[in-house]
Amino acid sequence: MNANLEQIKQEIITGSEGLKSSKEVYEFKKTFLDGKTGKIGLLMKEMKNIAPEERAAYGKGVNELKEWALEFLGELDLEMRAKELEARYEAEKLDITLPAEKVEEGNLHPITLIRNQLIDVFAGMGFQIYEGTEIETDYYNFTALNTPQDHPARDMQDTFYLSPEFLLRTQTSAGQIHVMENSKPPIKILSPGKVFRSDDDATHSPMFTQMEGLVVDKGITLCDLQGMLDVFVKKIYGEGTRTRLRPSYFPFTEPSVEVDCSCFECGGKGCKLCKGTGWIEILGAGIVNNKVLENCGIDPNEYSGLAFGIGIERTAMLKYGINNIKLLFESDLRVLKQLND
Ligand code: DAH
């Protein structure tokens, strides 16, 4: 009988060598130690077939084998679990020395940036925002702005007509009329928006953005205009920037001026950007023509107004040194990422 017990012990030793997981150990253990079907359990049931004088020794032998198997396989189970835990730690290990994945930050489009900056500057001076519509009537875009049918100044703006009456606005100046028709002075508005002209080259695009300014009150003069524009150029182009006014012509202003600012690249000495003149043209402006005030029911003997129109793309091109307006519309991230302040 002892030989049989020894054989089972050997079976456990050799069988345990091929075990690879705590689960396999568990299954293996069951085949020997399960109360009903385990090989060692069955040995106990053999007791009745053993001669009475040998029973005590047999029972002792089986019990010792059982104790030994429990301890042996219990240790194996512990070893296996420790290895498994180790493997799990290894697999779940975080390499905290790896550089973090870079989160790409977006930035506002330069047109939006300049638009917001202009709004900030003029809102600080008490201007309110008026956003008109992109489809306008011929009356608001031209006639009421003292540019009736057949006026030669209509040639300055090649227009997309939708019908004889409706058109895509060519200038945000159309908003001036709506505002003056609907509110009484004092008026101080800023009107940003898209405008459209049949124009297409390196510095012109069929769609571009303007920012209109209009102030109507008692005693408004060109000095008020220059004072406001001085603040504007300092904020956008830098503290040392100055402005100068040159005579010009727009049907809706009298006098009309072209506003230049001192070259922010060379400080006025003359360079490539300012074509050696020291000055850069930045916008058109003037004192609102009496006829325009009258068209809107405002008495020019009591009130006067100033107006200006800024091209946002032009402002962005000057500020960022861009020589082709198309770069502002192509959404090339390599370009847009550089234009972000
Ligand atoms: N509307 C003009 C244009 O698009 C710009 C302009 C000039 C607007 C003079 C004004 C102004 O308000 O007073 O060319």
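Which residue forms a salt bridge with D77? R81 does, and the closest N and O atoms are 3.1 Å apart. The model is predicted: local features need pLDDT of at least 70, side-chain atom pairs count only at pLDDT 80 or more, and totals for chains, interfaces and linings use all residues. Residues are numbered from 1 along each chain as its sequence is written, and side-chain values use heavy atoms, with hydrogens and water left out.

**View 1. R81 and D77 in helix 4.** A salt bridge here is a side-chain nitrogen of Lys or Arg within 4 Å of a carboxyl oxygen of Asp or Glu. The count by this rule is 14. R81 and D77 sit four residues apart, about one turn of the helix. Helices (H or I, at least four residues) and strands (E, at least two) are DSSP runs, numbered from the N terminus. D77 is buried at 18% relative accessible area; R81 is partly exposed at 48%. Cut-offs: buried is under 20%, exposed over 50%, partly exposed in between (1.4 Å probe, protein chains only).

**View 2. The salt bridge of E64 with K60.** The closest N and O atoms are 3.6 Å apart. Both residues belong to helix 4 (residues 52-91), four residues apart, or about one helical turn. K60 is exposed at 55%, while E64 is partly exposed at 48%.

**View 3. The salt bridge of K326 with D200.** Here the closest N and O atoms are 2.8 Å apart. K326 lies in the loop between helix 10 (312-320) and helix 11 (333-336), and D200 in the loop between strand 4 (187-196) and strand 5 (207-217), so the pair ties together parts 126 residues apart in sequence. D200 is exposed at 54%; K326 is partly exposed at 25%.
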